[in-house]
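Take a look at the chain below.

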Amino acid sequence: MKKWSVVLVLGCAQFVMVLDGTVMNVSISTVVSDLGTTVSAMQAAITFYTLTMAALMMLGAKLGDIWGRRRAFVIGSIVYALGSLTTALAPNIVFLFLGWSVVEGLGAVLVIPAIAALVADNYQGRDRISAYATIGAVSGAAVAAGPLIGGYVTTYLSWRYVFFGEVVIMIAVVLLTRLITDRTVRQHSRIDVWSVLLSAVGLVLVVLGMLQSKTWGWVVPLTSPQIGGVEIAPLQISLTAWFILIGCVLLWAFVRRQRMLVAAGRSPLVHVEMFSIRRLRSGLSVLGAQYAVTAGLFFMVPVYLQMTLGLDPLQTGLKIFPLSISLILFSIVGTRLSKLWSPRRIVRAGQFILVGSSLLLLGAVTPDLRAGLFAVGMFLAGAALGLLASQLGNVNMSSVTEKETSEVGGLQGVFQNLGSSLGTALIGSILIAALSTSFAGAVAGSTLSDEVQAQVASETHGGVSIVPSSTVEQIGTEAGLSSTDASTLAGLYRDSQLSSLRIAFFGLIAISLLSLLFSAGIPTEAPPRGGRQKRLSAEASGGGD
């Protein structure tokens, strides 16, 4: 038992890291109600949780090299526990954003890279393989159990108890870290602050621009922020376009700085020359797209099930459960298939299944939910994601030498979380923007009187919020509408919600199809298990993929 005590401690931390995001998604309507906030605000919180990790994951890995992996793991666990406690006690969305999106994210960037490194430090040979498999199984269990745990606790107790539970688990993890050995020699290198700032600010600006596109507009200004009554839209161009442009320029400057640091003999935050490896470039790109689709799906589906159909969090978790089960099952199937099929064939099979599942889910979005079609769509979506998960990690790791695997592991964390934040920001913004446009058009073409239409237009001038469709009639009555007009408005809103959800699902289909272009560099032969040094010499010159 003592032999496996280390992986038990690390597995508990891994379980909490994975569980956290799924809980918040299935609890979205309850959290909105409890904190008196909006779905848009929750979209921002979910986006920034993963964005914090994407922006600072490489910094967290570097700090682990400098401080020592166990010390970084302990500090990260304490920070994460403080964030969970803040979230559990949050009286409003501001404290939830601070505790969950920021503090927990900061803790996670220290914990996640340290877990993989500490497994390598504490196990050798077949024991190491078994330990890594255990960590993977724990992640799969958290994905499967997360929606059910979150749904049950939120429905029958409170979503806050999940975060209190995380505090208890992380305290136990910290107390048991004395069982963990840290054999890695600490590095005596200096972190380049400019690299951290350029990458973090660049990513934040790009994602924030996409997140606010539903309000600011993509290029033509819609509802711009104001200072002193003056709208901020430089040269009559939306802030969304400016944020994305400036963010891209900063990321370009980040790449240039990494090359300058290497040329000067200093340690960069990221060895950007690794992106010249076609296999690695394709693997990371497909990984990012996979997580974008997953995050978009986990944001949209609870909105549909809870806000449109009125299901509670537990019912929502049960509807998502087929995806969780098939994801675990087909990650195993994909590993077995790798003995018969090439990685590219398995990845592309997963991508095409993902497109098909999105089409089925699109067809299932109706006023009364086509339950059978929806369950099949969710199962196939999980199958697709499982096939992709079974291949991409090994494709990426086998692209480089053993010395570079730690850095590639950090890059995988960056692309996973960046994909998640972009997916939530983009799909959520499409959903909310489509709702505003669809509802405005429906009201304008309805039988409502001109006076009522003008009142609705005035109330929704800054955009239409996502609210439970069952409450719209009451909202209309409280606003002074007659019962007939309020009932008509509720029907228009429900239809508009369904229309916007279909548009958002179409966005998922577009991302899934786009990812097919990224998979061109996935190898047509099984990648070597020993790393890049075993690759064909022709591949080193850019061919062979």
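A residue counts as buried when its relative accessible area is under 20%, as exposed when that area is over 50%, and as partly exposed in between. Keep that cut-off in mind. The model is predicted.

Start with Thr50, which is found in helix α3. Is Thr50 buried or exposed? Its relative accessible area is 11%, so Thr50 is buried. Which residues does Thr50 touch, leaving out those up to four places away in sequence? They are Asn417, Ser420 and Ser421. Thr50 and Ser421 are 371 residues apart along the chain, yet their C-alpha atoms are separated by 5.4 Å.

**The whole chain**

Now step back. The chain holds 19 helices and 2 strands. Its C-alpha atoms fill a box of roughly 75 × 55 × 45 Å along the principal axes. A compact globule of 545 residues would have a radius of gyration near 24 Å, and the chain has 24 Å, so the two agree.

Of the 545 residues, 52% count as buried.

Next comes the surface. The chain exposes about 23100 Å². Carbon and sulfur atoms supply 65% of that area. As for charge, there are 35 positive and 26 negative side chains. The centres of these two sets lie 17 Å apart.

**The nonpolar cores**

How many residues make up the largest nonpolar core? It has 126 residues. Those with the most contacts inside it are Leu10, Phe73, Leu96 and Ile466. Helix α3, residues 39–67, gives the largest share of this core, with 17 residues. A second, separate core has 7 residues, including Val286, Leu392, Val395 and Ile522.

Ile466 then touches Val39, Val303, Met307, Leu431, Ile432, Leu435, Tyr493 and Gln497.

**Helix α2**

Helix α2 runs over residues 28–35 and is mostly covered. Of its 8 residues, 6 are buried. Those are Ile28, Ser29, Thr30, Val31, Val32 and Leu35. Just after α2 comes Gly36, which takes a positive phi of about 60 degrees.

**Two leucines with positive phi**

Most residues other than glycine have a negative phi. Leu235 has a positive phi of about 55 degrees although it is not a glycine. Leu235 is found in the loop between β2 (230–231) and α10 (239–263). Leu369 also has a positive phi, near 60 degrees. Leu369 is found in the loop between α13 (343–364) and α14 (371–397).

Leu369 is buried, with a relative accessible area of 13%.

Leu280 is in helix α11, residues 278–308. Its relative accessible area is 0%, so Leu280 is buried. Leaving out residues up to four places away in sequence, Leu280 touches Met274, Asn396, Ser399, Val400 and Val408.

Gly136 is found in helix α6, residues 125–156. Its relative accessible area is 41%, so Gly136 is partly exposed. Arg259 is in helix α10. Arg259 is exposed, with a relative accessible area of 51%.

| Pair | Apart in sequence | C-alpha to C-alpha |
|---|---|---|
| Thr50 and Ser421 | 371 residues | 5.4 Å |
| Arg259 and His271 | 12 residues | 7.8 Å |
| Gly136 and Ile75 | 61 residues | 23 Å |
| Leu280 and Gln187 | 93 residues | 26 Å |

Go back to the model and find each pair. Begin with Thr50 and Ser421, whose C-alpha atoms are separated by 5.4 Å. Then turn to Leu280 and Gln187, 26 Å apart in space.

Conventions. Residues numbered from 1 in each chain as written. Predicted model: local features only at pLDDT ≥ 70, side-chain atom pairs only at ≥ 80, totals over all residues. Heavy atoms only, no water. Core = buried A, V, L, I, M, F, W, Y, C linked by side-chain atoms within 4.5 Å. Buried < 20%, exposed > 50% of the residue type's maximum accessible area, 1.4 Å probe, protein only. Helix = DSSP H or I, 4+ residues; strand = E, 2+ residues; numbered from the N terminus. Contact = heavy atoms within 4.5 Å. Rg over C-alpha atoms; globule rule 2.2 N^0.38 Å. Areas by Shrake-Rupley, 256 points an atom, 1.4 Å probe, with all protein chains shown as cover. Lys, Arg positive; Asp, Glu negative; His and termini not counted. Charge placed at Lys NZ, Arg CZ, Asp CG, Glu CD.
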